[in-house]
Amino acid sequence: MAEKNKLGFWSIVLLGINAIIGSGIFLLPNKAYKLMGVGSLGVIIFDMILVLSIALCFAEAGGMFKKNGGPYVYAKEAFGDFVGFEVGFMKWIIGIIAWAAMAAAFAQALSKVWPAANHGGVKAAIIIIILGGLGIVNILGVQISKILNNVITIGKLLPLILFVAIGVFFINGGNFNAPAPTAAVEGGSNFAAAALLMFYAFTGFESIAVAAEDMHNPEKDVPKAIMTVMAIVSAFYILILVVSIGALGPELASSTAPIADAANRFLGPIGSSIVTAGTLVSIGGINIAASFITPRSGVALAEDGILPRIIAKNGKHGTPVYAIIITVVLAILLALSGSFAKLAAISVISRFVQYLPTCLAIPVLRKKRPELVRTFRVPLGPVIPVFAVVVSCWLVYNSDITKILIGLGGLLFGVPVYLLMKKFGNK
């Protein structure tokens, strides 16, 4: 890539912010508050520290390898073909789960203006139309323009900026002394559950490290960009939660559209409508992006011989028809099976299959491949990778066993696929 086309520091910061801020912060504060009350503010800070430690590991790993593949390349180089396959296989599954969560999130957000949208047959129809419709558009090869992406980004951020800028003047301090919701009395287990749920709002930070090779000065700018993005996003999230608690108090626990309801409290119906529109634009944009990106995860595996090559085969419109169809069908089944919050938690657990091997790969590759050129090195030796692994394992351990089995079930399913591919290969 020509130097003039590479990303500068603030370009990578904007990329990171856009990749992280999505449906999570629009729809999850009520869940965290219900579990932890005002203590949910501490959950945001906890998640910020954990995400930063994982993101720094991605920054070092991303600077070692120039070929495509991301986490499964790191895992393969550090731990061998089988672990690499499992991580790569799960990467596709994670994308499918996340897209299913986004489709369910759209139905939940739409219910603010159309209550039936989050119930029964109407909800199912909305999910099928979103996933199936975008799948068809993808097969036909329709490209989403840069203008649309810019509009979506502005539509996502502007309501939140207005919400914070105006909402800070309407905070009721007494709401921070209100009794904790009944569910919040269980202590540590609830903290872990809330942290796992709100962690979803931070996912997407991986894109910062992935973009490292396209930056002017990655060795200097990647760690600065990661810390800047996490500081901005975390401050944003904390302010949004503070305003939500200050405006709604205990009512936050029972809200299905917390940001919109809080905006309605201090701006009336107009404020609620602005936030709801921003929520729908944001989630709609993420669904559009997922419809293009997620099938390509399966294509990448098939092109590398990890999955049958037919999955990567293009149709007459030059798009990977089989990968798109498989992705859409699985996403529809998942989206119809659970709520947004449930799918979000499952998505987070699944993502740790990418995060943990990447963190573990850092100390391993330092010893195994010391000759690799690193554009960035995580400070404090093995301390940060080990911290990220231990805390991540604690979060997963404290999750609901059903979510763990579903979230990590793809690993077991991947074993026979790996053995079959190993035996028969990809001719």
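Good morning. Residues are numbered from 1 along each chain as its sequence is written, and side-chain values use heavy atoms, with hydrogens and water left out. Because the model is predicted, local features need pLDDT of at least 70 and side-chain atom pairs count only at pLDDT 80 or more, while totals for chains, interfaces and linings use all residues.

Let me begin with the cavity. On a 1 Å grid over the protein atoms alone, a cavity is a set of points where a 1.4 Å probe fits but cannot get out, and lining residues have an atom within 4 Å of a point. Grid points are joined across faces, edges and corners, and the volume is the space filled by probe spheres set on the points. The structure has one cavity of 30 Å³ or more, and the largest cavity holds about 50 Å³ of space.

Which residues line the largest cavity? They are Phe26, Leu27, Ala109, Lys112, Ala257, Ile259, Ala260, Val275, Thr276 and Thr279. Helices here are DSSP runs of H or I with at least four residues, numbered from the N terminus. Helices α2 (23–27) and α12 (258–303) each give at least two residues to this lining, and α12 has the largest share, with five residues.

I turn now to helix α5, residues 71–79. Seven of its nine residues are buried, where buried means under 20% relative accessible area with a 1.4 Å probe, protein chains only. The buried residues of α5 are Pro71, Tyr72, Val73, Tyr74, Ala75, Glu77 and Ala78. Among the elements that cover them are α4 (40–62), α6 (81–110), α12 and α14 (340–368). Just after α5 comes Gly80, with a positive phi of about 105 degrees.

Finally, two single residues. Ser234 sits in helix α11, residues 218–248. Is Ser234 buried or exposed? Ser234 is buried, at a relative accessible area of 1%. Neighbours within four places in sequence aside, Ser234 is in contact (heavy atoms within 4.5 Å) with Ile44, Met48 and Phe202.

Ala344 belongs to helix α14 and is buried, its relative accessible area being 0%. If residues up to four places away in sequence are not counted, Ala344 touches Ala101 and Tyr200. Between Ala344 and Trp99 there are 245 residues of separation in sequence, and their C-alpha atoms lie 9.9 Å apart in space.

Thank you for your attention.

Definitions and conventions:
1 Å grid on protein atoms, 1.4 Å probe; cavity = no way out; pocket = protein on both sides within 12 Å on 5 of 7 lines; lining within 4 Å. Buried < 20%, exposed > 50% of the residue type's maximum accessible area, 1.4 Å probe, protein only.
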